[in-house]
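Biologist: Could you take me through one part of this model up close, the aromatic ring pairs and what surrounds them? I'm new to this, so please keep it friendly.

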Amino acid sequence: MNKKFTVISLGQLHSSQSLEFLKDSLKTLRRDSTASALMTDEVIRLKAATADFQKEMRKHKSRIETEQVKEQRLHMGNTYRALYMIVKGMSICPTDEATRESVEAVAWIMKEHRINPRMEQVDLLASTRQLTELLTTPKLLPHVERLHLRPWVDQILQAGQDFSAAVDKRSRKLYAIGHVHLVEKRLKAEQAYRELIETANAHLRLTEETGIVAFRNSMEKLILHYKETAISNNKRVRTLQKKD
């Protein structure tokens, strides 16, 4: 018997993150045409509910996008750009072999984990967390220290935490003032997702259909990504706020 689909706690996602997850799930379904064909009704319901959720989210985005969140998002991009320009300048004419080695190590990591203020929120937070964590590992920190870059790395880390806090504050305010329609659309879309997964699990119990297995495997990767980025970061922000 094939194992069931991995469960994700959608309640631990902010509304924007939940919407992105549902959209990504639909993209995954489109790549697995066999799975989609076996669950036509469920796919139609999920598409419709997610579309309604997205329309409602767009209405609210224009009303709840605060200047503080915009400023923090831009600040994250600026702090990354400052560090990038410093490293780029050092790479033009390194003073010695050790400096050249350190510049190459830091530059490679920054290229792999670029920060752009126009990135999706989940990707922006994930890239910031990954970049700062990598630059402060025992392997890379000596390079950072040799180039005297620690203050800029700390600035990026702080900018990421400030942005997360601003987004979380905005999300809690949105819920607190009772945007009933958004909550209703979200719950309906998430329920459509759960019903689709229940149907997929039923197919797994009854058949060895490779399309369903492939869909499950793809969803496992997607869910793991959201657990390691969005949900993990949300928990980290709540912990920091409790400490404050």
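Modeller: Happy to! Before counting, we need a rule: rings of Phe, Tyr and Trp (its six-membered ring) pair if their centres lie within 6.5 Å, and planes under 30 degrees apart count as stacked, over 60 as edge-to-face and the rest as tilted. By that rule there are four aromatic pairs, and keep in mind that this is a predicted model.

Start with Phe-21 and Tyr-226, whose rings sit edge-to-face, 5.3 Å centre to centre with 80° between the planes. This pair ties together distant parts of the chain, because Phe-21 belongs to helix α1 and Tyr-226 to helix α10, 205 residues apart. Both Phe-21 and Tyr-226 are buried.

Now compare a pair with another geometry: Tyr-80 and Tyr-84 are stacked, at 6.2 Å centre to centre and 25° between the planes. These two tyrosines are four residues apart in helix α4 (residues 67-92), so about one helical turn separates them. A handy general point here: an α-helix has 3.6 residues a turn, so residues three or four places apart point the same way. How covered is each ring's residue? Tyr-80 counts as buried because its relative accessible area is 7%, while Tyr-84, at 37% relative accessibility, is partly exposed.

Back to Phe-21 and the helix that carries it. Helix α1 covers residues 15-31, which makes 17 residues, and runs 25 Å from its first C-alpha to its last, close to the 24 Å expected at 1.5 Å a residue. Most of α1 is covered, with twelve of its 17 residues buried. Among those buried residues are Phe-21, Leu-22, Leu-26 and Leu-29, along with others such as Ser-15 and Ser-18.

Setting aside residues up to four places away in sequence, Met-39 touches Leu-29, Leu-196, Thr-199, Ala-200, His-203, Ile-212 and Phe-215.

What does Arg-186 contact, leaving aside its neighbours within four places in sequence? The list is Leu-10, Gly-11, Leu-13, His-14, Ser-15, Ser-18 and Phe-53. Of these, Ser-15 and Ser-18 are among the buried residues of α1.

Finally, zoom out. The chain has ten helices and zero strands. Of its 244 residues, 44% count as buried. Among contacts with a separation of 6 or more, 83% are between residues 24 or more positions apart, and the pair of Phe-21 in α1 and Tyr-226 in α10 is an example of a link between distant parts of the chain.

Note on methods:
Residues numbered from 1 in each chain as written. Predicted model: local features only at pLDDT ≥ 70, side-chain atom pairs only at ≥ 80, totals over all residues. Heavy atoms only, no water. Expected span 1.5 Å × (residues − 1). Buried < 20%, exposed > 50% of the residue type's maximum accessible area, 1.4 Å probe, protein only. Contact = heavy atoms within 4.5 Å.
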